[in-house]
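I opened my notebook to look up a few things in this structure. Have a look along with me.

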Amino acid sequence: MKKINYNKFPDKQGRFDKYGGMYVSETLIHPLKELEQAYFKTAKSSNFKKLYNKELLHYVGRPTPIYYASSISKLLGSCKIYLKREDLNHTGAHKINNALGQALLAKKMGKTRIIAETGAGQHGVAAATACARFNLKCVVYMGAEDIKRQSVNVYRMKLLGANVIPVNSGSKTLKDALNEALRDWVTNVDNTHYIIGSVAGPHPYPMIVRDFQSVIGIESKKQMKATYKKLPDILIACVGGGSNAIGLFYPFLHDKVEIIGVEAGGFGISTGKHAAPLNDGKPGVLHGNRTYIMENTDGQISETHSISAGLDYPGVGPEHSWLKDSKRVKYVSVTDKEAVDAFQILTEREGIIPALESAHALAYAFKLAKKRKNKSILVNLSGRGDKDIDTISSLKQIKI
Amino acid sequence: MTRITDTFLANKKMGTTTFITYTVCGDPNMKSSLNILDALVESGVDIIELGVPFSDPIADGPVIQRAVERTLKNKVSLYKTLNLVRLFRKKNKDTPIVLMGYMNPIEKMGYRRFSTMANQAGIDGVLVVDLPPEESEKLTNSLKKNNIDQIFLASPTTDDLRLKKIVRQSSGYVYYVSLKGITGSKISNIKMVKNMVGKIKKFSNLDIPVAVGFGIKNAESAKRISTFSDGIIIGSSIVELIEKHHNTSTIMIKKIKSFTNRIRRVLNKK
């Protein structure tokens, strides 16, 4: 196989081989180029990095630990399961890494207003938090369906001073929130920065979000080397848009490490009711980039299903599409049920309540640990599960 | 020469502005949609932009979003859109038709297949909203082979360098988006629009026509824009009439006709 230098992507046109790019209407080209320039000029400067790292250290609470889940590991066999504890970040998930970075960048660009889309509400909360921290006006678009599913996060955002706008178009979920945020941005480009929460969207977003999230993988590498004297054999992370996954994977792409992304299998891939475009989709164009998507025979974007609102998205970051095609990363899926089981096992055995998103990665890790011998498996525990308590309790028909 | 170029030339000769409308294919249903196209032509519309429904129309405002949702409920597709044009062409060989939509349905059909089918259906031009010139090479080649004009958007945020590129790559006309925003908003700065239209004309060796859209809502704004633009495009206002009167198709057609007639009259009187 030809050796690929993964650090050279995206190319100048924002492409990861045939994926990515800038599929947007003309009005957005200018702000996207402006953002790209500001990013290369400002965010790559040592001054900016110093500021950002200080925020990560004192405000976010980084570095997050790597925890050896000994009890579960023993239960499953001879593999060792390690958890990168992104759930211990301020606001409870990896989303803050990116939101803070972009808010800081927006501030440097002289923007006074931030918009964001959110599905589960984790990115919305992170964006609202960053805006409170840097005194920026914040508007969060959220699908009306998701607002119903995630009422606690909606209230958190409001407490943080954000204006949460329900989106009633289309399927009333994350993809429609993204549409609406793009419409807002087109209208208010002069004073507004759009903080996309995942590695999706048009260039330069997949690159910017990846870079801000890479802190996960960079830390993990250092920590594994320092504590266990070697890199893990296997990395596992859940993939919706794929920001926590790319954050963990990217710094390891040139290492001898097996990498696995886990998509939301919903009711099962064969039912069609899932959110697993890399497993059961085709390349197409959605939200400004070319990537694997879920669509019908007419090219209309399909409605997806996942128990986890954060994975309930018909597209995926373009870099993941490329990593799939180049076979560097393997993409699998687990069902709602498997994820809920993993949620329960981690909670009971380790005393850690994972986000339902992260529970997808755990479910696959547990399966793998039973099959393999003596491997070390690092799972990105991308967020904590407090936000999912309602979903779980209603599933078990328990009233809180 | 294409039908689109001919239309602009003929109007220029007569001293009037080319009148372009946008409606969504299959709104409120396929049969009425065809009747609407006929009615538009009868009341003086020169070029028809026909919207291809797409589930995620990121450049469109609420009026057109709702229209698209109505049509998607009836499973209107790119195939069905091509079919409607075929039916329209049985009676009308003169009025240019431009398909306006988003990338993914075309992507799904395949560029070559789409281009040949569009040509066979009698389509004159294609405008893909989320396809800037940088990403368009393959589709452009395929459309060219089938003698279909490709219209690109220019916007208030387009700088001179890009504007030159857009003008060079466009055929038929250049669609100038008159405002920073989505369809159905209101133009606030006519002077800037005039300035940009002037620039586009200056940058074009072949004197490509410029049509202004997004934000023209009524006879008054149509008239003001027509004093410096080769064409004006009205979409949301007509789609709004369709939405309001879709239950009674005779009234709907009547309302559309009287609205477009009024626009035609002010354009002729300029």
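In this predicted model, I found that 64% of the 270 residues of chain B count as buried (under 20% relative accessible area with a 1.4 Å probe and protein chains only; exposed is over 50%, and partly exposed lies in between). Residues are numbered from 1 along each chain as its sequence is written, chains are lettered from A in the order in which they are written, and side-chain values use heavy atoms, without hydrogens and water. Local features need pLDDT of at least 70 and side-chain atom pairs pLDDT 80 or more, while totals for chains use all residues.

Next I looked up the shape of chain B. The C-alpha trace spans about 45 × 40 × 30 Å along its principal axes.

Then I turned to secondary structure. Chain B has twelve helices and nine strands (DSSP runs: H or I of at least four residues for helices, E of at least two for strands). Helix 12 of chain B covers residues 249-268 and holds B:Arg262. Is B:Arg262 buried or partly exposed? B:Arg262 counts as partly exposed, because its relative accessibility is 42%.

Last, I checked chain A. I noted 16 helices and 14 strands there. Its radius of gyration is 19 Å, close to the 21 Å from the globule rule for 400 residues, so chain A is as compact as a globular protein of that length. Of those 400 residues, 64% count as buried.

Definitions and conventions
Rg over C-alpha atoms; globule rule 2.2 N^0.38 Å.
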